[in-house]
Amino acid sequence: MVTNEKTPRTGRTRLAVAGARAGSVSVFGKSSPGERAGSVLFPAVLLLALTLALTGLASLLVWSFVKGYPRLDANLIFNAPSTLFPATAGFRPAILGTLYIIAGVIVLIVPLGVGAAIYLEEYANRERWYNRLIELNIQNLAGVPSIVFGILGLAFIVRGPLDLGFIAASASITLALLVLPTVILAAREAIRAVPPSIREGSLALGATQWQTLSRQVLPASTPGILTGVILAISRAIGEAAPLLMIGAVTFVMFDPSFFSGGYTALPVQIYNYAVRPQEEFRNLAAAGIIVMLAVLLLMNSFAVWLRNRYEQRW
Amino acid sequence: MHNWRSKAIITVAVPVLAITAAACGESGGTEGGGQELSGNILIDGSSTVAPLSEGAAELFMGQNPGVKITVGTAGTGGGFEKFCNGETDISDASRPIEAEETKLCDKNGVKTEQIAVANDALTVMVHKDNPVDCITTEQLKQIWEPGSKLKSWSEIDGLKPAYDEKLELYGPGTDSGTFDYFTEAINGEEGAQRTDYNNIGENDNAGITGVSGSKGGMFYGGYSYYAENKDKVKALEIDGGNGCVEPTIETVQDGSYKPLGRELYIYPAEKSMERPEVKSFVQFYVDNANKVAEAAGFISLTGQQLSESKDAIAKLTS
């Protein structure tokens, strides 16, 4: 992230802070016992909250690994699902489906999200009612349950005006709408965090607004925008409810394509296996969770690598 | 190790299946004039029936690599909604099509026939330590009817032996065909049921977990969930007026497990049946229905049911 307000704490600054603090304490007296207890308790509460959250995540991961471990082999990645041969069944069409859908989501959300953020931050006049309405709506949309987007996708993208049918492209568009608010909000924050001095300096040197944007503001805010994209992808990849609504089927044995035919995605396939009566399928679902995590980590580590490349400090 | 049985069934059934399927495929191929089948077949509907359709599709695609079959699990009602909209070729259903759904189909010119592919027994499951062995449909109604205030097993009229535990009810979600069927058969009206039960949605395993951990638990679900968990839960015998009947393959097939024995169906669209790949898949499905049913943990059709299903196909293709 861009750090224009916080200065890195070196040994010198730490010494200076400690010295100033000692001075203040000697003049105004020590803080009351209650306040001192508070300064110990507060971090403890924070630590407890963090531990609780991490314990939940860790237990889920351990459970998935223990249950899915016997099934962690190449079949899991390269084989198609099977109802008759659960011992060698895999997730190949689901992995491909998820990759296609997420690739489509990225292609849609990056230009749309960044474009909307640039408009709202750099061009929109906040005095106008319609700009305030757009802002309010984007913030509200970020909190709408995903199934609502599923219904929207079914009515307007799969059927209705767009009439694309039950294909992976419809899923990409629906999920892109779902995560777009996340990207817009993150991109706005990133653009806002670019110091005004950079903008003003660029304009003062005679650059046009477009030149300032494309050569100064956007490169500087790229890491923040990429963080937003990572968050958005992480959310989109785990969504099952809207996909079920817009026709991700649970059983596809062949490799899917983006613009035609049936498709499935990892969360849908995992859910389908998890509710089967046979133990073999439930183990397969656990193994599928590990596959999904691996896919997510791969995608995100690429984005993190990109972000680090563009990271810069002033 | 409790699932060694299902493993045994699958390990025995699958090679048998593969061999017979291969044999059928050869004869099927000659019937089709040696033509290579291709195209997409879209199946959607009940999640209960999906394992059957998936098994049949898997075998069929093994012989006809040009055909791409997908199976969705939108639920019986959700499946018919798409089917009657002309969006799928075959609808899976765990209950017969309803008048309202037929109306929608008629409006859009979708014609279909009901084809039974397997039998199932809605099984009432309780905790292993529960001393009760048999329950009448009247008593079930007393427990599950809308507005029922029953809190304990001891409040059920005429239940033997006496059992004093708190009732903990688990049931499937309201989109499920299982819910529709049970409420119709027991409470007399589809969709009518008390609302203060643990709604497990489509995840029947949650019902098994719930009942195996609660002494007063009761859960109703498909037979395959009971068959896979016989070491964890106990099935109650059902008295529908003619004495207590245990849910078994025999009692379901001879019709004595009443009123909770049910058939599972597929509904192919007449228009889709004009395509050679759909027609030959549906025929293949019914020809192999019993083998697939056994491999997937369902109860196979009787000879009479099979011939009725074949008649229905003939009606669709004539």
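User: What share of the contacts in chain B between residues at least 6 apart in sequence join residues at least 24 apart?
Analyst: In this predicted model, the share is 76%. To count as a contact, heavy atoms must lie within 4.5 Å.

User: What makes a residue of chain B count as buried, and what percentage of the 318 residues does?
Analyst: The cut-off is under 20% relative accessible area. Buried residues come to 53% of chain B.

User: Why is the pair A:Lys67 and A:Glu279 called a salt bridge?
Analyst: The rule asks for a side-chain nitrogen of Lys or Arg within 4 Å of a carboxyl oxygen of Asp or Glu. In this pair the closest N and O atoms are 3.2 Å apart. That value is within 4 Å, so the pair qualifies.

User: Which domains does the assignment give for chain A, and how many salt bridges are counted between them?
Analyst: Domain 1 covers 11–69 and domain 2 covers 74–310. The count between them is 1 salt bridge.

User: How do you know what domain 1 and domain 2 of chain A share in contacts and buried area?
Analyst: Contacts involve 6 residues of domain 1 and 8 residues of domain 2. The two domains bury about 590 Å² between them, 74% of it on carbon and sulfur atoms. On the domain 1 side, A:Ser64, A:Lys67 and A:Gly68 lose the most area, together 63% of what that side buries.

Note on methods. Residues numbered from 1 in each chain as written. Chains lettered and ligands numbered in written order. Predicted model: local features only at pLDDT ≥ 70, side-chain atom pairs only at ≥ 80, totals over all residues. Heavy atoms only, no water. Buried < 20%, exposed > 50% of the residue type's maximum accessible area, 1.4 Å probe, protein only. Domains from an automatic or database assignment. Buried area = accessible area lost by both parts, 1.4 Å probe.
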